Amino acid sequence: MTDPGGNFASQTRSERKAKIIWSRHKMRSFFVCFFLLAVFAGTRAQPPGLIANTDGRRTISLDGQWQTIIDPYEAGYYDYRYQPSANGYFKDAKPRTKSDLIEYDFDTSESLSVPGDWNTQRERLLFYEGTIWYKKSFDYQRKENTRLFVYFGAANYLADVYLNGEKIGRHEGGFTPFNFEVTNLVRDKSNSLIVKVDNQRRRDAVPTLITDWWNYGGLTRQVKLVETPASFVQDYFVQLRKGSHNQINGWVRLNGQKLSQRVTVRIPEAGVSKSFTTDANGYAEISFNANLTLWSPNNPKLYDVLIDAETDRVQDQIGFRSIETRGTDILLNGRPIFLRGICIHEEAPFRGGRAYSREDALTLLNWAKELGVNFVRLAHYPHNEFMVREADRLGIMVWSEIPVYWTILWENPATLENARNQLSEMISRDKNRAAVIVWSMANETPVGDARLSFLKKLIDHARSMDASRLISAAMERHYVDDKTQMIDDPLGEYLDVLGCNEYVGWYDGLPEKTDRLEWKSKYQKPLIMSEFGAEAPYGHHGDPLTRWTEEYQENFYQHTVSMLKRISFLRGTCPWLLMDFRSPRRPLPGIQDFHNRKGLISDRGEKKKAFYVMQKYYQELRESFEK
Ligand code: GCB
């Protein structure tokens with residue numbers, strides 16, 4: 001488990017500790033360890049954590065083919081007494097004499113593409129859940145006054161990372177980035193970077209054992225080396241203060257030996273140049289006024305923002321907008337809006353498997369635009385950074401969430417810590433993206449005290465990291481009589497915006513059932529109908545009451561849209577969902593074939609009849625809200 005924003009430091013310490021326990025020379029090692037811990041604790045002014053905006057830095061891509069070993073029994077990790085082995089595959093050993101016994105060889109093993117899930121790269125790995133070892137060799141020209149980090153966009157689910165036989169850290173959570181420093185381990189030639197990736201589902205993990213999406217394993221996002229100066233701008237938060245249209249509030253954090261520096265934040269196009277001095281921890285709060293063109297879907301204005309420290313400079317493109325609620329309204333830049341949304345899974349159009357590229361993001365987001373959206377719900381976990389960056393450029397508002405889904409172990413402190421860490425990493429990566437307006441804490445979680453206390457802690461944590469965005473969660477609702485749906489989940493009290501998933505007309509009755517339904521809420525808050533939908537494979541036809549047909553799905557949408565129009569506090573809709581996706585819970589042969597077919601578009605890009613029902617509704621909404 002990593003600590004919020006501090007994965008490198010804590011892991012290095014604990015891993016060093018673990019290594020010592022396995023060593024034969026216990027006493028000597030103990031003193032070495034004690035010394036290292038003391039030195040480390042002494043010099044660690046603040047946790048290094050995630051490096052922000054790696055695209056704005058000098059990087060070397062490690063994408064491409066990686067050598068891999070499938071290890072279902074974890075023979076490369078545990079010895080035959082189930083103890084961590086000192087000579088695991090991470091040693092990347094080679095026989096030195098003709099008599100040496102070594103039972104693995106990365107270099108003659110098969111390769112896999114990174115980024116990419118393993119399931120869709122080899123037919124026999126489609127259902128594989130377990131460990132695969134990845135190895136990449138690289139040369140590196142070491143430079144004076146330069147630090148080096150290895151950065152992973154994501155690894156699903158548990159990653160143990162080694163460089164040149166030494167463990168550099170562990171990361172848990174399949175959808176958020178992490179980095180480890182390798183400055184002192186890297187060498188000029190033939191570095192061996194090895195990652196053990198394990199996607200075994202666990203009851204105490206986040207997500208837990210059951211989900212309605214494929215458990216794609218592997219190094220699913222980009223891997224790169226990031227170079228920084230010895231003291232560098234590690235992270236920054238540059239956004240409008242909540243409710244303000246011209247006051248920027250935030251902070252800058254440096255990392256390295258020279259922590260106290262003069263830092264200038266510049267927005268040349270807005271004529272802004274403001275200087276601050278970081279404290280002994282490398283931290284400075286920033287606050288200044290700026291006359292800005294605000295970011296909105298109609299004008300997704302991004303400014304070049306430069307953070308100039310004495311020893312480093314980082315450049316980013318940042319938009320500025322305000323987002324708040326008033327009664328049941330959602331206000332963007334002070335004006336009421338309706339969120340015309342669509343849910344999206346991180347599933348690749350056409351080729352299938354995990355989406356990971358800018359092209360994938362653009363295909364999905366442009367389909368969403370064609371539907372008429374100004375909003376997307378990126379379900380059910382943080383998507384890759386391209387999605388959020390492209391949404392920023394295209395003017396699409398984003399709901400981003402963590403995989404606290406269905407049946408989490410609410411009473412387990414380690415599960416809470418894990419969820420909190422994934423939340424930290426999501427916010428940490430995307431906090432400067434104007435497109436992101438909602439952080440969502442959970443999806444369809446059951447009402448109960450332990451769950452409420454768990455989610456309240458996540459909400460407090462999200463607000464402490466970012467007070468400027470709206471907090472939501474996709475909740476359930478219930479019947480108070482056969483014509484009334486009630487939203488009164490106690491969680492609603494702590495949210496800014498209510499999210500609600502409903503499937504009346506699919507899991508609950510036939511589409512006509514929606515005609516008689518009224519909706520009530522205990523809260524004077526805006527509602528986003530965060531899911532509703534019905535399944536139909538593209539091209540499967542029949543009459544409007546025959547399941548699995550495009551006509552049924554169309555009928556479902558027609559009735560649902562009429563119902564939605566009657567909900568006075570509704571301020572957003574996110575049908576489930578843009579594109580069909582793979583799911584282990586959907587075996588029906590000839591119809592699902594292990595896909596959830598609730599997409600308005602098939603995984604081949606074909607638009608189903610229901611697409612046009614939503615498109616028409618969004619056209620009407622746009623006209624009425626923008627007149
Ligand atoms: C839900 C879940 C979503 C499922 C969907 C369905 O409520 O939030 O993950 O895929 O229903 O299709 O049943």
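**Exercise 1.** Name the residues that lie nearest the centre of the largest cavity, and describe its lining.

*Solution.* Step 1: the largest cavity is lined by 14 residues, and Asn156, Tyr157, Arg201, Pro207 and Asn215 lie nearest its centre. The model is a predicted one. Step 2: sorted by class, the lining of the largest cavity holds six nonpolar, six polar and two charged residues. Step 3: the volume of the largest cavity is about 150 Å³.

**Exercise 2.** State how many cavities of 30 Å³ or more the structure holds, then characterise the second largest cavity by volume and lining.

*Solution.* Step 1: there are two cavities of 30 Å³ or more. Step 2: the second largest cavity has a volume of about 50 Å³. Step 3: its lining includes Asp235, Tyr236, Glu385, Arg389, Ser428 and Arg429. Step 4: β11 (232-240), α4 (385-394) and α5 (413-430) are the elements that each give two or more residues to this lining. Step 5: by class, the lining of the second largest cavity has two nonpolar, three polar and seven charged residues.

**Exercise 3.** Determine how helix α7 (residues 550-565) and helix α8 (residues 609-625) are arranged.

*Solution.* Step 1: two packed helices are described by the angle between their axes and the distance between the axes. Step 2: for α7 and α8 the angle is about 20°, and the axes are 7 Å apart. Step 3: angles under 35 degrees count as roughly parallel, so α7 and α8 are roughly parallel to each other. Step 4: the crossing of α7 past α8 is right-handed. Step 5: the contact involves, among others, Tyr557, Val561 and Leu564 of α7 and Val613, Met614 and Tyr617 of α8. Step 6: the contact residues comprise seven nonpolar, two polar and six charged.

How values were computed
Residues numbered from 1 in each chain as written. Predicted model: local features only at pLDDT ≥ 70, side-chain atom pairs only at ≥ 80, totals over all residues. Heavy atoms only, no water. 1 Å grid on protein atoms, 1.4 Å probe; cavity = no way out; pocket = protein on both sides within 12 Å on 5 of 7 lines; lining within 4 Å. Points joined across faces, edges and corners; volume = space filled by probe spheres on them. Nonpolar A, V, L, I, M, F, W, Y, C, P; charged D, E, K, R; others polar. Helix = DSSP H or I, 4+ residues; strand = E, 2+ residues; numbered from the N terminus. Axes fitted to C-alpha atoms, helices over the stretch in contact; angles between N-to-C directions. Parallel < 35°, antiparallel > 145°, perpendicular 65-115°, else oblique. Left-handed = near helix turned anticlockwise from the far one by under 90°. Contact = heavy atoms within 4.5 Å.
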